[in-house]
Amino acid sequence: MDEQKWNFISKEYIALLKNLPANAPGKWGKMNGQQMVEHVAAFFAVSSGKIKFDLVTPVEHLPKYREFLLSDKEFRENTKAPTSVISEEAQPLRYANMPEALANLQQSILGFEEYFKDDKLKTTLHPVFGELNFGEWVLLHYKHVTHHLRQFGLM
């Protein structure tokens, strides 16, 4: 597992979002700041098995996606999420304000860590990348959160 990436996610990421206005527009995409925070929280819920999806990637394509996951390549601007719950389309807000959305995101990150606490090799299904263990999810979460930090000019 990449300790540096996990430390960024678990210790630095939320602090970078603290001053992001809820209605801040992104440099691309349709989400505002709070919608992005809620989207990322849902993505952590997928990794901890709280939200489940079927695999949408043909099995023969998984090696190519895995190669991307394990690389240092970033998500491109306007990369589309594969499902409506974690979609980057603007979704109705689930929380009354940004502090509540950030608290939920923090809980989602802690829930992810707790889910894998006793077994870092167990897996949960990502609808595009397939079964991922803790270390692989950390790589994907890092790509995802830095993608959105760039989207909102925070990185």
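Me: In which loop is Ile51 found?

Reply: Helices (H or I, at least four residues) and strands (E, at least two) are DSSP runs, numbered from the N terminus. Ile51 is found in the loop between H2 and H3. This is a predicted model, in which local features need pLDDT of at least 70, side-chain atom pairs count only at pLDDT 80 or more, and totals for chains, interfaces and linings use all residues. Residues are numbered from 1 along each chain as its sequence is written, and side-chain values use heavy atoms, with hydrogens and water left out.

Me: Is Ile51 buried, partly exposed or exposed?

Reply: Buried means under 20% relative accessible area, exposed means over 50%, and partly exposed is in between (1.4 Å probe, protein chains only). With a relative accessible area of 22%, Ile51 is partly exposed.

Me: What can be said of Val128?

Reply: Val128 is in the loop between strand E1 (124-126) and strand E2 (130-132). Its relative accessible area is 14%, so Val128 is buried. Between Val128 and Thr57 there are 5.2 Å from C-alpha to C-alpha, although they are 71 residues apart in sequence.

Me: How is the span of helix H5 judged, and how many residues does H5 have?

Reply: The expected span of a helix is 1.5 Å times one less than its number of residues. H5 (residues 134-151) has 18 residues and reaches 25 Å from its first C-alpha to its last, close to the expected 26 Å. Of the 18 residues in H5, 17 are buried.

Me: Which residue caps the N-terminal end of H5?

Reply: The idea rests on a polar contact, a pair of N or O atoms within 3.5 Å; within protein, one must be able to donate a hydrogen and the other to accept it, and residues adjacent in sequence count only if both atoms are side-chain atoms. Asn133 is the cap of H5, with a side-chain oxygen 3.1 Å from the backbone nitrogen of Gly135. Just after H5, Gly153 has a positive phi of about 65°.

Me: How do H3 and H5 pack?

Reply: Two packed helices are described by the angle between their axes and the distance between the axes. Axes are lines fitted to C-alpha atoms, for helices over the stretch in contact, and angles run from 0 to 180 degrees between N-to-C directions. Helix H3 (residues 62-70) packs with H5 at about 70°, the axes being 9 Å apart. That makes H3 roughly perpendicular to H5, since angles under 35 degrees count as roughly parallel, over 145 as roughly antiparallel, 65 to 115 as roughly perpendicular and the rest as oblique.

Me: Which residues of H3 and H5 meet?

Reply: Contact means heavy atoms within 4.5 Å. Arg66, Phe68, Leu69 and Leu70 of H3 meet Glu136, Leu139, Leu140 and Lys143 of H5. By class, this contact of H3 with H5 has five nonpolar, no polar and three charged residues. Here Ala, Val, Leu, Ile, Met, Phe, Trp, Tyr, Cys and Pro count as nonpolar, Asp, Glu, Lys and Arg as charged, and the others, Gly among them, as polar.

Me: Where does Leu69 sit, and what does Leu69 touch?

Reply: Leu69 is in helix H3 and is buried, at 1% relative accessible area. Not counting residues up to four places away in sequence, Leu69 touches Phe129, Leu132, Glu136, Leu139, Leu140 and Lys143.

Me: Are H2 and H5 roughly parallel or roughly antiparallel?

Reply: The axes of helix H2 (residues 33-47) and H5 come within 11 Å and cross at roughly 175°, so the two helices are roughly antiparallel. Among the contacting residues are Met36, Val40 and Phe43 of H2 and Trp137, His148 and Gln151 of H5. By class, the contact of H2 with H5 has eight nonpolar, six polar and no charged residues.

Me: What joins the side chains of His148 and Gln151?

Reply: A polar contact of 2.6 Å joins them. His148 is buried at 0% relative accessibility, and Gln151 is buried at 1%.
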